[in-house]
Amino acid sequence: MRVVNNPPKSTWEELTKRPSLEKQVLTENVSEILKDVQRNGDSAIYRYTQLLDGVQLNSILVDETEFEDAREKVPLKLKESMRLAYANIEKFHKSQQIVEPVVETMQGVRCWRKSVGIEKVGLYIPGGSAPLFSTVLMLGIPAKLAGCKEIVLCTPPSKEGKINPAILFAAELVGIKTIFKIGGAQAIAAMGFGTESVPKLDKIFGPGNQYVTKAKELIQQSGTAIDMPAGPSEVLIIADETSNPIYVAADLLSQAEHGADSQVILVSNCQSIIEKSIEQVQVQLTKLPRKNIAEQALDKSRAIVFDEMKDCIAFSNSYAPEHLILASESFNEYVEQIENAGSVFLGNYSCESAGDYASGTNHTLPTNGFAKSYSGVSIDSFVKKITFQELTREGIQSLGPAIEIMAEAEELFAHKNAVTVRLKTVSDE
């Protein structure tokens, strides 16, 4: 990790940049995949699965025998851990099911909102070297609680044409039965446009690499909603003299191992904590099976020293991290100053892994600075809010004259007349 000392604010924009592929090439490549799938449907899906995943499939739909096989292969302790995570995630997300009150804005005028589950949703679950079965729980549980009628899951197959058993077990735990062996941009295209096998869906959820993120961005322009820009994972840690360098290093590496395009940032007002944490990173790195991936991410990462904690907070708000760890015994002093972050972890014992798996909060979060304008996935992500209003005879009499004046001022006389005819009828009665 490169160490930067007291960078002036004029350099912060450059320091907050994430690793990225060349944008024009990325857009062109992903656009071609989307167009191909839109034109050729399943045949394009099979072709890309062979080309990009290196596997030739006879069917892209997971069948019942594969679910049965998964039940046998997932170890009992993992099943128990997943059930614990399920309970916590469900409890946290159930708290978001709020029935809003009916509001009488004035006598005879009643307004309210109702939450309705989005009918058809698609969940993208990254696979490959790190199959994220936890994301099945993070997306599937709020989708079920929201009342979505059709939930479709896409995830890339292994070289053997299989889906990781833990992904299938997690899906079954949630109650998702429609699973397709499709990964990458082609999966987003299939869910966005529909194919002979994959239904066209109303909204697509889930994190992924830069190809997946770009595909979601482009598919949104074709009329399919997405949850948020959720690309390569990232963490920013704010540390002080009360931090534990061993913990800090472990948290940095837990994100660095996600992928070569991930980024980790350490910010501190204590030079010695920076130095000790970087030393610990090197010690712990040697023991990781995904050492090579973590090293590539660390090459694009940095540690930044500021004199004052207020500058550490200000830099974090400028970076707007997906995950923010306040690794300090004094975290309560800083909580109210946090303005931009996807999910925040407080104190020396709140490791980011807790949120990734089992504390209850959702781990599908905005990346690449989008935490300035987006929230993480919640029940609200899976519903649409429909407003209702009811005007009684008394209500139209009270409110009508104001509507007439405003409509006439905008020269929308049909709008005015819709009120006028009612007021006339009421006055004639």
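What follows is a short tour by topic, from the inside of the chain to its surface. Keep in mind that this is a predicted model.

**The nonpolar cores**

- Start with the largest nonpolar core, which has 41 residues. Val121, Leu123, Leu137, Ile176, Ile179 and Phe382 are the ones with the most contacts inside it.
- Several elements give two or more residues to this core: the helices α4 (64-73), α5 (76-94), α6 (133-146) and α7 (165-174), along with the strands β4 (120-124) and β5 (150-155).
- Helix α6 supplies the largest share of the core, with nine residues.
- Apart from this core lies another one, of 31 residues, and Val37, Tyr48, Val55 and Val198 are among them.
- Back in the largest core, have a look at Phe382. Leaving aside residues up to four places away in sequence, phenylalanine 382 touches Val116, Gly117, Ile118, Val121, Leu123, Leu139, Pro142, Ala143, Ala146, Cys148, Phe205 and Val377.

**A buried aspartate**

- Aspartate 36 sits in helix α2, which covers residues 23-40.
- Is aspartate 36 buried or exposed? Its relative accessibility is 6%, so it counts as buried, the cut-off for that being under 20%.
- If you skip residues up to four places away in sequence, aspartate 36 touches Gly41, Ala44, Arg47 and Tyr48.
- Aspartate 36 and alanine 189 are 153 residues apart along the chain, yet 8.9 Å separates their C-alpha atoms.

**Aromatic pairs**

- The structure holds seven aromatic pairs.
- One of them joins tryptophan 112 and phenylalanine 388: the pair is stacked, with 5.6 Å centre to centre and 5° between the planes.
- What does that pair tie together? Tryptophan 112 belongs to strand β3 (residues 109-117) and phenylalanine 388 to strand β14 (residues 383-391), so the pair links parts that are 276 residues apart in sequence.
- Both partners are partly exposed: tryptophan 112 has a relative accessible area of 26%, and phenylalanine 388 comes in at 30% relative accessibility.
- Phenylalanine 370 and tyrosine 374 make an edge-to-face pair, because their ring centres are 5.8 Å apart and their planes meet at 80°, and the cut-off for edge-to-face is over 60 degrees.
- These two are partly exposed as well, phenylalanine 370 at 31% relative accessibility and tyrosine 374 with a relative accessible area of 34%.
- Elsewhere, Trp12, Phe306 and Phe315 are linked into a cluster by ring pairs.

- Ile246, Tyr247 and Tyr349 make a nonpolar surface patch of about 370 Å².
- One of them, tyrosine 247, is found in helix α10 (residues 245-256). Tyrosine 247 is partly exposed, and its relative accessible area is 33%.

**Positive phi in the loops**

- Asparagine 6 is not a glycine, but its phi is positive, near 40°. You'll find asparagine 6 in the loop between β1 (2-5) and α1 (12-15), where it is partly exposed with a relative accessible area of 35%.
- Glutamate 411 is not a glycine either, and it has a positive phi of about 60°. This residue lies in the loop between α15 (393-409) and α16 (413-428).
- How does glutamate 411 count, buried or exposed? Its relative accessibility is 61%, so it counts as exposed, given that the cut-off is over 50%.

Definitions and conventions:
Residues are numbered from 1 along each chain as its sequence is written. This is a predicted model: local features need pLDDT of at least 70, side-chain atom pairs count only at pLDDT 80 or more; totals for chains, interfaces and linings use all residues. Side-chain values use heavy atoms; hydrogens and water are left out. Patches are made of residues with over 30% relative accessible area and no salt bridge: like charges are joined within 9 Å, nonpolar side chains (Val, Leu, Ile, Met, Phe, Trp, Tyr) within 5 Å. Accessible areas come from the Shrake-Rupley method with a 1.4 Å probe; for residues, only the protein chains shown count as cover. A salt bridge is a side-chain nitrogen of Lys or Arg within 4 Å of a carboxyl oxygen of Asp or Glu. Helices (H or I, at least four residues) and strands (E, at least two) are DSSP runs, numbered from the N terminus. Buried means under 20% relative accessible area, exposed over 50%, partly exposed in between (1.4 Å probe, protein chains only). A nonpolar core is a set of buried Ala, Val, Leu, Ile, Met, Phe, Trp, Tyr and Cys residues joined through side-chain atoms within 4.5 Å. Contact means heavy atoms within 4.5 Å. Rings of Phe, Tyr and Trp (its six-membered ring) pair if their centres lie within 6.5 Å; planes under 30 degrees apart count as stacked, over 60 as edge-to-face and the rest as tilted.
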